[in-house]
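The plan is to look up a few side chains and jot down what turns up.

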Amino acid sequence: MRLSTRATYGMRLCFMLALSKTPLSASQLVKQTDVGIKYLEQLLSMLKRGEIVNSYRGKSGGYMLARDPGKITVGDMLDALEDGFDAPACVFGCCDDMYCPNRNVLNKLNDDINKVLDSVTLQDIVNDYRNNCGGHGEKQK
């Protein structure tokens, strides 16, 4: 199971916005995330529709989180980005193999993954970053 590029970059955008006290412009986000402007705008549009991000016009405009990072879960971000983990068909009851040995294990695994995604908040990610990296991108000694 892997996160898609869309989920990886979308979550990175949310993370950058959570670290900022002021709105960030699209050009600032492009520089900080190394995502192309068109792709960035697609991701931000999805996050806006998912009520994760707000945009503001004007001289001091840009993008900010729509709500407190403690109220945004990883599951919320993945839902807004219309993404998540790929699971085999048997997890969703679509398996044609009536002797599928994986169904129960994969169902439990899928349920547990979703519990984690819905329990970890963007604030948790920010706190981990600040505690483990000192907010400077490298681990403190």
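Entry 1: Before looking at any residue, I need the cut-offs: buried means under 20% relative accessible area, exposed means over 50%, and partly exposed is what lies in between. I'm also reminding myself that this is a predicted model.

**Entry 2: charged pairs.** Side chains of opposite charge can pair when their charged atoms come close. The partners are Arg67 and Asp76, and their closest N and O atoms sit 3.3 Å apart. Asp76 has 25% relative accessibility, so I put it down as partly exposed. Arg67 comes out at 31%, so that one is partly exposed too.

**Entry 3: aromatic pairs.** My count ended at two aromatic pairs.

I took Tyr9 and Tyr39 to begin with. Their ring centres are 6.2 Å apart and the planes stand at 90°, which means I log the pair as edge-to-face. Where do Tyr9 and Tyr39 lie? I found Tyr9 in helix H1 (residues 5-19) and Tyr39 in helix H3 (residues 37-49), so this pair ties together parts 30 residues apart in sequence. For accessibility, I have Tyr9 at 24%, partly exposed, and Tyr39 at 29%, also partly exposed.

Then I turned to Phe15 and Tyr129. Here the centres are 5.1 Å apart with the planes at 85°, so I'm calling this pair edge-to-face as well. Phe15 belongs to helix H1 and Tyr129 to helix H6, so the pair ties together parts that are 114 residues apart in sequence. Is Phe15 buried or exposed? At 15% relative accessibility, Phe15 goes down as buried. Tyr129, with a relative accessible area of 21%, is partly exposed.

**Entry 4: a loop residue.** My last stop was Thr121. I located it in the loop between helix H5 (103-119) and helix H6 (122-133). What does Thr121 touch, leaving out residues up to four places away in sequence? My list reads Pro69, Gly70, Ile72 and Thr73.

**Entry 5: looking back.** Two of my entries meet at helix H6: Tyr129 lies in that helix, and the loop holding Thr121 runs between helix H5 and helix H6.

Note on methods. Residues are numbered from 1 along each chain as its sequence is written. This is a predicted model: local features need pLDDT of at least 70, side-chain atom pairs count only at pLDDT 80 or more; totals for chains, interfaces and linings use all residues. Side-chain values use heavy atoms; hydrogens and water are left out. A salt bridge is a side-chain nitrogen of Lys or Arg within 4 Å of a carboxyl oxygen of Asp or Glu. Buried means under 20% relative accessible area, exposed over 50%, partly exposed in between (1.4 Å probe, protein chains only). Helices (H or I, at least four residues) and strands (E, at least two) are DSSP runs, numbered from the N terminus. Contact means heavy atoms within 4.5 Å. Rings of Phe, Tyr and Trp (its six-membered ring) pair if their centres lie within 6.5 Å; planes under 30 degrees apart count as stacked, over 60 as edge-to-face and the rest as tilted.
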